[in-house]
Amino acid sequence: MLQDKIQQYTEEIERFAPQSAQELEAFRLKFLVAKGIVRDLFEEFKTVSADQKRALGKTLNEFKQSVEQKYKLFQAQFASGTQSSKKEIGDLTLPGEGFAVGSRHPLSLVRKEIVEIFKKLGFTVAEGPEIEDDWHNFSALNFPPEHPARDMQDTFFIKKQAGNDIALRTHTSSVQVRMMENGTPPFRSIMPGRVYRNEAISARAHCFFHQVEGLYVDKGVSFADLKQTLYHFVQELFGEDTRVRFRPSYFPFTEPSAEMDISCTICKGKGCTLCKHTGWVEILGCGMVDPNVLENCGVDSAKYTGFAFGMGIERITNLKYEIKDLRLFSENDVRFLSQFETELI
Ligand SMILES: [Zn+2]
């Protein structure tokens, strides 16, 4: 009997509470498609006697509506992902789950600090490509071909080509060259960036690290300007009681050249393992830009002089935070990184 079937299916539909979209889809396939139960019942309705049609017709239409409503109800819940029951909501009185906030990488913190100090002195920030040609990385900077000074920096070559090899830059000095080639003096900029050397990775050396170089070229720039600028920088970064000393050194691109030491930040000059009991630690190389380099870059060395300096950001960070192993900077160990200042931009 049609009446009994409708009654039976109505009970089934009332009990129906799908837990997944798949169950709901099975429900649709069972009842609502062209060969589904609803359509079958309407087919069967055609065969009942005329006196039954009036009462049964109403029942059947109500049944059809209840099937469709049930389907729509769950369809909406699964579609919006808001199917809710008390079990899934959980205990609303519990405190919320905290979320982890990242921290800045120590190298980024120190680079930012260095950049801020030089910005106050009127230096702008310049950047350049990490893949360089021989001219910008070596030749323009007074490293003649086959010159032994090139061996000071083990290079990752990308492409050997006659007279102008392509390599990963070994220092950010290449940015200085590009700046002078493409502009007119005065130049007063710092160049922070990543550099690459073909070295075995250890606690004290890595195949990539970060530098900040600086360049100041103008009429009448002297070594006194260089000393005063760097002295100011060190006092800002490490504190006013930090002392400095300059030792003569050699770089192909500066003449005269010097290395700058500061009084040990750990023992304040009394002597410790960091400073090898000398009381001093080296932090940067510097000097007056060699006139050859100025000429190579199209700057008139009879009119202009300049100074340049360069430091490793890792070195400065090691001193500031007493980090003894360079590898920590690139291992991405959260236990290390999370110790540094959290700063929202
Ligand atoms: Zn010391």
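Student: Is Cys-264 buried or exposed?
Tutor: Keep in mind that this is a predicted model. Under 20% relative accessible area, a residue is called buried. Cys-264 has 1% relative accessibility, so Cys-264 counts as buried. Cys-275, at 2%, therefore counts as buried too.

Student: Which atoms coordinate the zinc ion?
Tutor: The SG atoms of Cys-264, Cys-267, Cys-272 and Cys-275 do, at 2.2 to 2.3 Å. Along the chain, these donors follow the spacing C-x2-C-x4-C-x2-C. Cys-264 and Cys-275 both lie in the loop between β8 (254-263) and β9 (280-289), so this pair ties together parts that are 11 residues apart in sequence.

Student: Why is the arrangement around the zinc ion tetrahedral?
Tutor: Look at the angles: four donors count as tetrahedral if all of them lie between 85 and 135 degrees. Here the 4 donor atoms subtend 104 to 114°, which makes the arrangement tetrahedral.

Student: What is the strand order in the open sheet?
Tutor: Its 7 strands run β1-β5-β6-β10-β9-β8-β7, with mixed pairing. At the edges are β1 (124-125) and β7 (244-251), each pairing on one side only. β7 pairs with β8 in the antiparallel sense, over 7 bridges. Pro-248 has Ala-258, in β8, as its bridge partner.

Student: How much space lies in the second largest pocket?
Tutor: About 270 Å³. Of its 16 lining residues, Asp-134, Glu-146, Arg-150, Phe-157 and Asp-165 are the closest to the centre. By class, the lining has 7 charged, 6 polar and 3 nonpolar residues.

Terms used: Residues numbered from 1 in each chain as written. Predicted model: local features only at pLDDT ≥ 70, side-chain atom pairs only at ≥ 80, totals over all residues. Heavy atoms only, no water. Donors = N, O, S within 2.8 Å, 3.2 Å for Na, K, Ca; no water. Tetrahedral: all angles 85-135°; square planar, octahedral: opposite > 155°, others 65-115°. Helix = DSSP H or I, 4+ residues; strand = E, 2+ residues; numbered from the N terminus. Buried < 20%, exposed > 50% of the residue type's maximum accessible area, 1.4 Å probe, protein only. 1 Å grid on protein atoms, 1.4 Å probe; cavity = no way out; pocket = protein on both sides within 12 Å on 5 of 7 lines; lining within 4 Å. Points joined across faces, edges and corners; volume = space filled by probe spheres on them. Nonpolar A, V, L, I, M, F, W, Y, C, P; charged D, E, K, R; others polar. Pairing = 2+ DSSP bridges.
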